Amino acid sequence: MDSKLKSRSRAALALSLASAALLTGCGSGSSAPAAKDDGQPIEVWARAGTDAATTYSALFKEFTAKTGVQVNFQGVPDLDQQLQTRAASKKLPDIVINDSAALGNYTSQGYLQKIDKSSVAGNDAIPDSLWKETQGLDGSTYGVPFSRQTMVTLIRKDWREKLGLPVPKTQEDLAKLAAAFATQDPDGNGQADTYGMTVPGSTERGYFGWWASSYLWQDGGAYLKDDGNGKYSASASGAQAGVTWIKQQFCTPGNTQPGALTAATSAATPFFQTGKTGIILTGPYNFSSFDASLGKDKYEVIETPKGSKDNTVLAEGENIYVTATNGKKDQTKQVIDFLVSPDGQKAGMTAGKQPIVRVPVNSGVDAAAVYNDPRWTVVQDALKNSSKSFPSAINFVPIKQAAAEALNKIASDCAADNVASGLKDLDTAINNELTSQNAKS
Amino acid sequence: MTTAPTKPARSLTRAPDTGQAPARRKLRNSKQLLAIWLFLVPAAVLGLYFKFIPMVEGIRLSFFKVQPFLGDVFVGLDNYVSVLTDSRFMEALGHTVVLGVTQTLGALVVGFALALLLEGQARSLWILRTTIFLPVVTALAVVGEIWRILYFPTADGPLNSILGWLGLGPMQFLNGTDTALWSIAVVGIWSGAPYNMVIILAGLTGVDRSLYESAGVDGASIWQRLRYITLPALRPSLVIVLTLAAIRSLRSFTEVYVLTGGGPAGSTEVWMTRMYSLGFQRNDIGVASAAAVLLLVVTLLLTVGTQLLGKRKAAR
């Protein structure tokens, strides 16, 4: 290559680099952008698959018909990833409807505006306990409750009756039933191809920690302790009884489905759906798909069996979040007021195939009556009397993840006496995480 | 754009008088250059946008606490320190190396054996080669789901029933902490070997047949022919295969993610799955970027190392 050619190619390279830099608009700001109204319809995002998104669309259609306010709704299955992209462009959607557990993460990223609870019409119809779950570490309110639910225990009724066993009342009963399902051929096909419980025991997205929490609470344990004033400390060491029970299920062949330790819910749930397992602890959102695949008469929703302490189950839900870049004050208020009103809540339950409001947060609405389905009474009662939720002021995701990893380790080694030591390690991991979030007492 | 293809013909006819018109030649030269650059621009822009800018951005992010909304905060080498001092990352590194070495060597040996078995022109061989190549063109996620079924850890699982006929007990495969990593390696070999086979097959066609014949006349055994004729002739192909395989195994993600998600008890967690869960499940983009940069450096060193090794051997 002669020198002229070299210098020319160098110049061309420099030119293309420069133009690329121009095009990408290099350079980044370093403070949170301000809220402003761009005159477009209010943009609402919700974590929703196709079915749920249809319900949302129907709901907002009703809202627009009533108020004349246009809504640009998007159902986003991978909401958090997409939010990050929008955060990078400093323009978040105006309203986000997502898990109540997302609150800690969102506030730490500066995504949210504070909400004046008293400005929400009908705020006194929402129980104080739910409002409390929308508080950030600083005690301010950062979300509006929209929907709640608890985990429920589903049992294959036909299998249980065929084997002549009673509805399980305690954790021991549940374990016995699981063993019977695994060994006594409840489907009567002459093959040992049925198992007891469906368990998502994978560490992926912390599934194991999520599933196990109910059983831990039932035996008086917990991952962490709320020390007040937005401070927490690890307490997993006190959960030996529950974890031991869980480990027993994994180490009794057949009590859990094969491959449970690497199964996320997507891999685990089909075992119940296709009649390979007879017990599942899951959310009521699965009713419709189980009704379709198994049949409504084949399974029952039972009151959660008691552990040594009580029958607490995990409660979860969705909140309405107002983002920091939202400058549409009036429209936002109208959307929120409608979503938590009796009409809005009912529409969320019935407007589409899949309910987006599971158990209404508005105490004026009765889930069992709206659905005309006594199974929802079980959910509603559990929510009212014996449920607990993960703390939402902190970012609980890493803690759930740490719990899943620790439990997965404990349950994968049946020969070892590792419950106490494994939980001690979990305590260390949780405390480290709390410290890094400035939430360690 | 039409100047480039017509140019050779013109320069041929005008050859005699070019010496008298250097200015015109210069003009033509620059026109030619312009054409070259114009043709390069689409690829260059695409490469720039989808490869190099993201890469530079990734390197930049590795020095920041990434908060897309509040603005990134410069933290120096903190992210690198937290990667290198994280015991889970170190465990993941161990698994990655074990998985990488097993998969690379396994796929090489199996690919070599397949190539030797399936070399030739017959139609039946052509069909067989196509069949065996299928795993390479199948989406890895699909391959993973199929192997999850094959590995079903009860006595009536497909692979376990075969083991049962041989009188071997049902194995845990993906569900056991001791067997999970090896089970993944087998999947990697299964899907990687046919690719190697094709490269080696191409190399085999370049081996001079007469060498085999003369070796046969001299009474060389099959093993000797392999050792002293085939292998040396295949050196360039083997270097390519080794380099590609090493890079691929360091980056292995899909098979692990689909098959075990890193479990049970973290026994199959590799560098990429750890990076993924930090970056996209914990939103710790800075630390994940630092891990990615480290992976890039290691890959670069490994590639250059293999190339140098191949060159030195070839020179000897």
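This is a predicted model: local features need pLDDT of at least 70, side-chain atom pairs count only at pLDDT 80 or more; totals for chains, interfaces and linings use all residues.
## Where chain A and chain B meet

Between chain B and chain A there are five residue pairs in polar contact, counting pairs with both residues at pLDDT 80 or more.

Let's look at the side of chain B that touches chain A. Three helices of chain B, H2 (22-61), H12 (254-259) and H13 (271-281), each supply at least two residues to that side. The largest share comes from H2(B), with eight residues. Sorted by class, the side of chain B that touches chain A holds 18 nonpolar, eleven polar and six charged residues.

Now for the contact as a whole. Chain A brings 50 residues to the contact and chain B brings 35 residues. Together the two chains bury about 3,300 Å², and 56% of that area is on carbon and sulfur atoms. Which three residues supply more of the area that chain B buries against chain A than any other three? They are Pro68(B), Phe69(B) and Leu70(B), with 22% of that area.

### Salt bridges

Over all chains, the count comes to 24 salt bridges. Between chain B and chain A, the count is one salt bridge. The table shows that pair, along with a pair inside chain A.

| Residue pair | N to O distance |
|---|---|
| Glu405(A) and Arg88(B) | 2.3 Å |
| Lys117(A) and Asp128(A) | 3.6 Å |

### A nonpolar patch on chain B

Our last stop is the surface of chain B. Here Leu84(B), Met90(B), Leu93(B), Val97(B), Val101(B) and Leu105(B) form a nonpolar patch, and together they have about 500 Å² of accessible area. Which helix gives the largest share of the patch? Helix H4 of chain B (residues 87-118) does, supplying five residues. Leu84(B), for its part, is found in helix H3 of chain B (residues 78-85).

Note on methods. Residues are numbered from 1 along each chain as its sequence is written. Chains are lettered from A and ligands numbered from 1 in the order in which they are written. Side-chain values use heavy atoms; hydrogens and water are left out. Contact means heavy atoms within 4.5 Å. Buried area is the accessible area (1.4 Å probe) that two parts lose on being put together, summed over both. A salt bridge is a side-chain nitrogen of Lys or Arg within 4 Å of a carboxyl oxygen of Asp or Glu. A polar contact is a pair of N or O atoms within 3.5 Å; within protein, one must be able to donate a hydrogen and the other to accept it, and residues adjacent in sequence count only if both atoms are side-chain atoms. Helices (H or I, at least four residues) and strands (E, at least two) are DSSP runs, numbered from the N terminus. Ala, Val, Leu, Ile, Met, Phe, Trp, Tyr, Cys and Pro count as nonpolar, Asp, Glu, Lys and Arg as charged, and the others, Gly among them, as polar. Patches are made of residues with over 30% relative accessible area and no salt bridge: like charges are joined within 9 Å, nonpolar side chains (Val, Leu, Ile, Met, Phe, Trp, Tyr) within 5 Å. Accessible areas come from the Shrake-Rupley method with a 1.4 Å probe; for residues, only the protein chains shown count as cover.
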